Amino acid sequence: MTYPADFRYTKDHEWIKVEGGVGTIGLTDHAQHELGDIVLVDLPKVGTSLAAQQTLGTVESVKAVSEIFSPVSGEVTEVNEAVGSAPEKVNQDPHGDGWLLKLRLANPAEVDGLMNADQYTDYIQQKAG
């Protein structure tokens, strides 16, 4: 798996792509693969304020229920309603149509503390090894 170079990644396997002060957040391909078939995604409402590393919702798969953490601080501006009605989108296209929410960044510098694609790939390989 090649991870998009314009995304940043967390050790909890979330990604964020920042465009114009708004970050789109999702689960990485590695996360969806580890979880298995996703059957439910529970996300916050638009207007919710989140702190970095705060739980933003949960994802339920056939294996387990897992918390999803916000990579950065900000306010939820949009939620991907499609994954609410079709959670399998997270499995099918985790870095595209399976995005979870959009967040207006409170502190854009927080993104600099996240891993780039190469660092994230190395992190996964180390964990697997």
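**A walk through the predicted model**

Val39 has a relative accessible area of 44% and is therefore partly exposed, a class that lies between buried, under 20% relative accessible area, and exposed, over 50%, as found with a 1.4 Å probe and protein chains only. This is a predicted model, in which local features need pLDDT of at least 70 and side-chain atom pairs count only at pLDDT 80 or more, while totals for chains, interfaces and linings use all residues. Residues are numbered from 1 along each chain as its sequence is written, and side-chain values use heavy atoms, with hydrogens and water left out.

Val39 belongs to strand β4 (residues 38-42); helices (H or I, at least four residues) and strands (E, at least two) are DSSP runs, numbered from the N terminus. Together with Leu40 and Val62, Val39 forms a nonpolar patch on the surface, and the accessible area of the three is about 260 Å². Patches are made of residues with over 30% relative accessible area and no salt bridge, with like charges joined within 9 Å and nonpolar side chains (Val, Leu, Ile, Met, Phe, Trp, Tyr) within 5 Å, and the accessible areas come from the Shrake-Rupley method with a 1.4 Å probe, where for residues only the protein chains shown count as cover.

The sheet comes next. Strands of a sheet pair through backbone hydrogen bonds, either parallel or antiparallel. Here six strands form an open sheet in the order β1-β2-β3-β9-β8-β5, with antiparallel pairing, and its edge strands, each paired on one side only, are β1 and β5 (49-50). Two strands are taken to pair if DSSP finds at least two bridges between them. Between the antiparallel strands β1 and β2 there are two bridges, and Tyr9 has Trp15 in β2 as its bridge partner. These two strands form a hairpin with four residues between them, and in its turn His13 has a positive phi of about 75°. Strands β2 and β3, also antiparallel, are joined by six bridges; their hairpin has two residues between the strands, and Gly20 takes a positive phi near 60° there. Further along the sheet, strand β8 (residues 74-79) pairs with β9 in the antiparallel sense over five bridges, and Gly74 stands opposite Leu105 in β9.

Within β3 (residues 22-27) lies Thr24, which stands opposite Lys17. With a relative accessible area of 11%, Thr24 is buried. Apart from neighbours within four places in sequence, Thr24 is in contact, that is, has heavy atoms within 4.5 Å, with Trp15, Ile16, Lys17, Trp99, Leu101 and Lys102.

Lys17 leads on to the charged side chains. A salt bridge is a side-chain nitrogen of Lys or Arg within 4 Å of a carboxyl oxygen of Asp or Glu, and by this rule the count comes to two. In one of them the side chains of Asp6 and Lys17 meet at 3.4 Å, N to O. Asp6 lies in the segment before β1 (8-9) and Lys17 in strand β2 (residues 14-19), so the pair ties together parts that are eleven residues apart in sequence. Lys17 also forms a salt bridge with Glu19, with the closest N and O atoms 4.0 Å apart, and in this way Asp6, Lys17 and Glu19 are linked in a network. Asp6 is partly exposed at 46% relative accessible area, as are Lys17 at 24% and Glu19 at 47%.

What lies inside? In soluble globular proteins, nonpolar side chains tend to be buried together. A nonpolar core is a set of buried Ala, Val, Leu, Ile, Met, Phe, Trp, Tyr and Cys residues joined through side-chain atoms within 4.5 Å. The largest such core has 23 residues, of which Leu27, Val41, Leu43 and Leu100 touch the most other members. At least two residues of this core come from each of β3, α1 (29-35), β4, β6 (55-61), β8 and β9, and the largest share, three residues, is from β9. A second, separate core of ten residues includes Phe7, Tyr9, Met115 and Tyr120.

Two loop residues complete the walk. Ser70, in the loop between β7 (65-69) and β8, is buried, with a relative accessible area of 0%. By contrast, Asp112, in the loop between β9 (101-105) and α4 (117-128), counts as exposed at 59% relative accessibility. The C-alpha atoms of Asp112 and Arg8 are separated by 8.3 Å, although the two residues are 104 residues apart along the chain.
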